[in-house]
Amino acid sequence: MNYTSESIEKAIEIFSSFPSIGKKTAQRLTYFLLRQDDSFAEKMSKVIIDLKHNVRFCSICFNYTERDPCPICSSTKRDRSILCVVEEPNDVVSIEKTNDFYGLYHVLHGVMNPLEGISQDDIKVVELISRLHDVEEVIFALNPSVEGELTTHYIAKLIKPFGVKISRIASGVPMGSSLEFSDDATIARALEGRIAI
Amino acid sequence: MKIHKIHIVNLRNHADNLIELSPSTNIIHGSNGSGKTTILESVALASHSKSFQPTDDKNLIRWAENRYFVNVFADYDMDIAYEISINYNRGSRKQINSSKGENLYPKDIIGEMPIVILTPDYKAITFGSPQDRRQFIDTVLSQASKYYVDAILKQKKYLKHRNAILGQFAREHRIDEKLLATATDFFISYSSDVIYKRFQFINEFIPFFKQSYAEITDSAELVELKYKPDSIEFNQFSKMEKSEISEQLVKASKNLYQNELRRGTTLFGPQKDDIDIFINQGLAKDAASQGQHKSLLISLKFAEFEFLKTVVRETPIILLDDIFSELDAARSQKVLELLLTKNAQTLITVTEPDKFLNWQKDKSNFKIISLSEGRIVT
Ligand SMILES: Nc1ncnc2c1ncn2[C@@H]1O[C@H](COP(=O)(O)OP(=O)(O)OP(=O)(O)O)[C@@H](O)[C@H]1O
Ligand SMILES: [Mg+2]
Ligand SMILES: [Zn+2]
């Protein structure tokens, strides 16, 4: 092809499969790697292998963790009667950064999307329901998309019979945006002003 | 709003053009295919991030290039500067930055720089199908109300989800009833917002429409608009509350439920609305003569201008694409005279500037922009 080495081509291909990395950036990353010492490449490959070996899902909240249950689920300082439901592990990081939430989390790993055939079986809904026995309040903090709204209200309908208090975060996060790209103050305000469903 | 400069890069046959505009009338002239309409498209992109021609963004990129870029420098009526740029790279999300913020979504910029467009294609508004008329109200209302933009976008999304759920039942006889119920609740809620806004819009729009029809035709013909919302019964003389609208939609959804399951699709809602346009006693689409159709369309557009100017409190920019080729000399002159009373910035594309300029005694207000094969020639 255009490159003088098949290894370079493979590296570029793998980098450009990352989200938001185009061909040009992939090429820059590859040439950067080539300029580093061997030790850098060894360290990097070990980091990647460790990442895949050591990190798995917490069997309670489905966040990423190295030990199961995860530090949040096993912490004695957290309020176990409040659950915050989020879409992705990223969102836990965003909410933790605000230092404003002391309950536990539940990561759904997606939202329902009838148009794309994603149903409740494809996300961690049953797992959420099985956690409800000693929970008093469930706060939904899904992204403010149509699908986030649909999923929030659908699950709210499902869990209503359990008699828990159900709310969602206020729509301080702009529609079409996501928790990942919102600043701490916005998320904190949204958590503060939660709305009962 | 007045644009003073447009920078166009790799849009259709424009490679790299910096175009200075007059704050009043701009005549864009050149042979067929020289790139006149493309300049109007660049203004539409700056106004609501989409062309007024039904085409994909990737078709707008100049052949063999990878991106297009449009940068518009304008002033609000209050003389405050406004700048916006649209940058589209093949395969990525459109980058929109303006003096109002970076990384904007299309819905953030709609209404900021209001425009009124008239092209021969818009004949469909008075001739064509209900969808053409819905599209007309949607473009006007979207520029006038951010609330409407939000409601209509969500209404359309929920319609698709709802149809997917119903469609799956029709095919596989499987249904998650709670999911359908949730989707229906939201579909009805946003549909009610849309219908409520459309009612309100038609009422406010009618006086503008009647007045501009009278101005254009100097005639005593009576024109009228009537909103015909699907599944809603209403008394023409009393205001409809939003709660009433949603109650009626709930009723319709119950009545149609079995039918919807069988057909696998949504059978009610504002995606089926229409607006009747009347001239004297008859429906325009059946009764109006050729000339009356033209007058109706032009007056709808002038009314759109006056309506937007009133609600957005900003003078819209008027874009006229190739319309004088469709009008006789007398009507063209009339339209042009009316146009000049509006004190709006106007961009007009023509293939024969001479004929056009002869109608005008005072030519000093006009700026002529000549194009040849995508390049400005002076
Ligand atoms: N993606 C593209 N890349 C390059 N050229 C294009 C592209 N798409 C369209 N064109 C050409 O660019 C020109 C677009 O011109 P435009 O529609 O602005 O012409 P016009 O001056 O309005 O013509 P008319 O008088 O026929 O309406 C045409 O010649 C068309 O063939
Ligand atoms: Mg044209
Ligand atoms: Zn956990």
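# Questions on a predicted two-chain model

The largest share of the shell around ligand 1 comes from helix 1 (residues 36-48) of chain B, with three residues. The model is predicted.

Colleague: What makes a residue part of the shell around ligand 1, and how many residues surround ligand 1?

Modeller: The C-beta atom must lie within 6 Å of the ligand. On that rule 17 residues surround ligand 1. The closest are B:Asn13, B:Asn32, B:Gly33, B:Lys36 and B:Thr37.

Colleague: Which classes make up that shell?

Modeller: There are 11 polar, four charged and two nonpolar residues around ligand 1. Gly counts as polar in this scheme.

Colleague: How do you know whether the radius of gyration of chain B agrees with a compact globule?

Modeller: Set the value against the rule. A compact globule of 378 residues would have a radius of gyration near 21 Å. Chain B has 22 Å, so the two agree. The C-alpha atoms of chain B fill a box of roughly 65 × 55 × 35 Å along the principal axes.

Colleague: What is inside chain B, by secondary structure and burial?

Modeller: Chain B has 12 helices and 14 strands. Of its 378 residues, 39% count as buried. Take contacts in chain B between residues at least 6 apart in sequence: 72% of them join residues at least 24 apart.

Colleague: Why is B:Asn280 called partly exposed?

Modeller: Count its neighbours. B:Asn280 has 13 C-beta neighbours inside 10 Å. Buried needs 20 or more, and exposed needs 12 or fewer. The count falls in between, so B:Asn280 is partly exposed. B:Asn280 sits in the loop between strand 9 (274-279) and strand 10 (282-283) of chain B. Its phi is near 50 degrees, a positive value in a residue other than glycine.

Colleague: Why is helix 7 of chain A called largely enclosed?

Modeller: Because 10 of its 14 residues are buried. Among them are A:Val146, A:Leu150, A:His153, A:Tyr154 and A:Ile155. The cover includes helix 6 (125-129), strand 5 (137-140) and strand 6 (165-168) of chain A. Helix 6 (146-172) and helix 7 (177-217) of chain B also contribute to the cover.

Colleague: How do you know what span to expect for helix 7 of chain A?

Modeller: The expectation is 20 Å, at 1.5 Å a residue. From first C-alpha to last, helix 7 (residues 146-159) of chain A reaches 20 Å, close to that figure.

Colleague: How many residues of each chain are in contact with the other?

Modeller: 15 residues of chain B are in contact with 12 residues of chain A. Helix 6 of chain B gives the most to the side of chain B that touches chain A, with eight residues. By class, that side has seven nonpolar, two polar and six charged residues.

Colleague: Where are the domains of chain A, and how far apart are their C-alpha centres?

Modeller: Domain 1 covers 6-38 and domain 2 covers 77-196. Their C-alpha centres lie 36 Å apart.

Terms used
Residues are numbered from 1 along each chain as its sequence is written. Chains are lettered from A and ligands numbered from 1 in the order in which they are written. This is a predicted model: local features need pLDDT of at least 70, side-chain atom pairs count only at pLDDT 80 or more; totals for chains, interfaces and linings use all residues. Helices (H or I, at least four residues) and strands (E, at least two) are DSSP runs, numbered from the N terminus. The radius of gyration is taken over C-alpha atoms; the globule rule is 2.2 Å times the number of residues to the power 0.38. Two residues are in contact if their C-beta atoms, placed from the backbone, lie within 7 Å. The expected span of a helix is 1.5 Å times one less than its number of residues. Domain bounds come from an automatic or database domain assignment.
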